[in-house]
Amino acid sequence: MSQTADLWWKNGVFYCAPVQAFLDTDGDGTGDLPGMTRRIDYLADLGVTVLWLMPFYPSGGVDDGYDVTDFYGVDPRYGNLGDFVELVQTAQSRGIRVIIDFVMNHTSDQHPWFKESRKSVDNPYRDHYVWRSSTPPDTSEAVVFPDVEDSLWELDERTGEYYLHNFYRQQPDLNVANPVVREEITKVMGFWLQLGVSGFRVDAVPFMFSRDDLPAEESRFQYDPHEALRHLRSFCQRKGADIVLLGEVNVPFAEQKKFFGGSDGDELTMQFDFIGMQAFWLSLARQDARPLAKALRRRPETDVVSQYANFVRNHDELTLDKLTESERQEVFQAFGPDPDMQIYERGLRRRLPTMLQGDPRRIKMAYSLMFSLPGTPTLFYGEEIGMGENLDVEGRYAVRTPMQWNDEPLGGFSTARPSRLVRPLPGGGYGPEHVNVASQRRDPDSLWRFIRKLVRVRRQSPEVGFGDYTELRCSDNHVLAHAVQVDDWSLVAVHNFSPEATTVRLDLEPTASGRPAILSLVDLLSDRCIVADVDVLDLEVAGYDHHWFRVHREGDDRIG
């Protein structure tokens with residue numbers, strides 16, 4: 001376990017939050033950086049070790065901050081650079097690192113670079129972006145936002161050429177093949193590292209390298225994509241060996257492995273496990289552990305410095321794009337049968353508690369499983385209290401409503417008039433009068449208390465972050481049993497996807513590895529202790545139940 005001090009991301013707990021929706025301190029209806037600073041003690045109490053901030057830069061207002069107009073600034077609605085530094089320093093004083101969203105695939109069309117680039121074909125900034133003179137092929141099947149876009153290319157009337165935009169037309173793609181662009185990107189990273197951030201969540205990584213449909217003569221846009229990532233990783237490591245690059249890489253496992261880099265992990269430090277997340281939802285829909293078990297078996301192993309980030313949903317739509325059409329329809333039918341709950345025909349715009357109909361057993365089982373899998377757990381703000389979505393809010397923003405701090409009409413988020421809120425709060429059973437931080441912190445049986453316990457147990461279980469994953473043979477397909485172990489540490493986790501109680505026979509032999517016989521299994525979530533002198537265990541598991549067993553063998557002297 002000698003690496004734990006250096007590889008902090010292996011045993012961390014990440015928390016994603018948008019500044020605009022967390023806490024408003026100046027009464028304008030929009031959250032701000034001073035509000036985020038004011039709530040650092042709340043995050044520390046929860047046990048969070050890493051705060052991931054969604055974009056807070058000045059933007060064109062098209063894609064919730066992901067259409068950046070100034071990579072070196074702060075949107076005036078949120079504060080200024082001084083407020084940002086105060087947030088970082090306050091977080092660090094509580095043992096919390098800060099990473100920030102870094103958008104290196106594209107800018108806003110209002111960014112000064114693009115304004116120059118579109119002036120003429122020989123403008124010095126022309127090759128900051130990806131242009132083509134010939135008519136582009138049909139790319140309608142590849143668009144990310146099919147409700148508003150029908151092509152990846154947009155004709156610019158001034159020069160008569162087309163520019164590439166994998167997202168909205170107001171978000172032209174940067175040309176990372178241009179060494180000047182790569183140098184600009186590293187300058188931006190260096191600026192924020194100097195202000196104290198511990199790394200970056202790199203947005204839309206695979207899209208940076210989508211150049212397959214360019215004409216052959218456009219060689220100025222051809223570039224080894226992984227060389228770009230190696231360059232960024234090398235730059236960051238020169239600034240600090242413990243800087244993390246967390247990539248959004250939603251591709252098949254075989255491709256995902258490449259983005260970690262070579263055997264020494266010289267590209268992305270971490271990647272989200274989109275495949276495992278989607279298989280998790282298919283298992284929930286079927287009440288069958290096998291889809292998730294299959295995905296975990298196929299997940300490529302990583303080198304010692306690399307890590308997967310586990311999540312049950314993120315800040316975007318809950319994408320199901322890697323499932324087959326029939327599998328996707330199963331998940332839609334179970335968790336979002338109303339077309340208004342679906343988005344882009346590939347995902348859901350709902351939060352987990354509403355999809356699971358508020359069943360506390362199922363909700364707790366889902367988070368227990370996410371925290372127990374090898375990798376680093378990542379929470380989206382409000383998950384710890386079971387916030388719901390507001391389907392009256394457009395598109396993906398349905399899950400980005402203001403944080404609910406208390407039972408006041410505006411949830412303690414703001415003193416503004418309701419009409420001025422950045423987004424309206426959910427109503428009904430998920431409104432702030434029913435779901436809020438203050439009441440759950442007082443309730444010993446609340447979801448907040450459960451998540452807080454999960455966080456603390458996870459941080460005290462280094463085998464989960466550093467260990468090897470082994471699926472255990474189990475007699476019931478409704479139950480996933482797995483072990484994570486490193487050195488002499490072993491943890492066995494058991495999760496029942498079914499509402500029905502069952503008795504399962506577990507084969508614990510893979511945790512033995514030539515070690516002495518088991519003396520006991522201690523459930524870290526309930527303090528229940530099972531005495532066992534053999535490596536086969538018959539275990540009663542209630543419906544939607546979950547267990548984390550620390551395996552104690554003869555000669556062990558650890559606590560818990």
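1. Residues are numbered from 1 along each chain as its sequence is written, and side-chain values use heavy atoms, with hydrogens and water left out. Because the model is predicted, local features need pLDDT of at least 70 and side-chain atom pairs count only at pLDDT 80 or more, while totals for chains, interfaces and linings use all residues.

2. Helix α12 (residues 360-372) packs with helix α14 (residues 447-459) at an angle of about 15°, their axes being 10 Å apart; helices here are DSSP runs (H or I, at least four residues) and strands are runs of E of at least two, numbered from the N terminus. That angle makes α12 roughly parallel to α14, given that angles under 35 degrees count as roughly parallel, over 145 as roughly antiparallel, 65 to 115 as roughly perpendicular and the rest as oblique. Axes are lines fitted to C-alpha atoms, for helices over the stretch in contact, and angles run from 0 to 180 degrees between N-to-C directions.

3. In this pair, Ile-363, Lys-364, Tyr-367, Ser-368 and Phe-371 of α12 meet residues of α14 that include Phe-450, Leu-454 and Arg-458, where contact means heavy atoms within 4.5 Å. By class, the contact of α12 with α14 has eight nonpolar, one polar and two charged residues; Ala, Val, Leu, Ile, Met, Phe, Trp, Tyr, Cys and Pro count as nonpolar, Asp, Glu, Lys and Arg as charged, and the others, Gly among them, as polar.

4. The contact is made by Trp-281, Leu-282, Leu-284, Ala-285 and Arg-286 of α8 together with Glu-327, Glu-330, Val-331, Ala-334 and Phe-335 of α10. By class, this contact of α8 with α10 has seven nonpolar, no polar and three charged residues.

5. Gly-95 lies in the loop between α3 (81-93) and β3 (97-102), and Gly-95 counts as exposed because its relative accessibility is 52%. The C-alpha atoms of Gly-95 and Ser-490 are separated by 27 Å, although these residues are 395 residues apart along the chain.

Notes. Buried means under 20% relative accessible area, exposed over 50%, partly exposed in between (1.4 Å probe, protein chains only).
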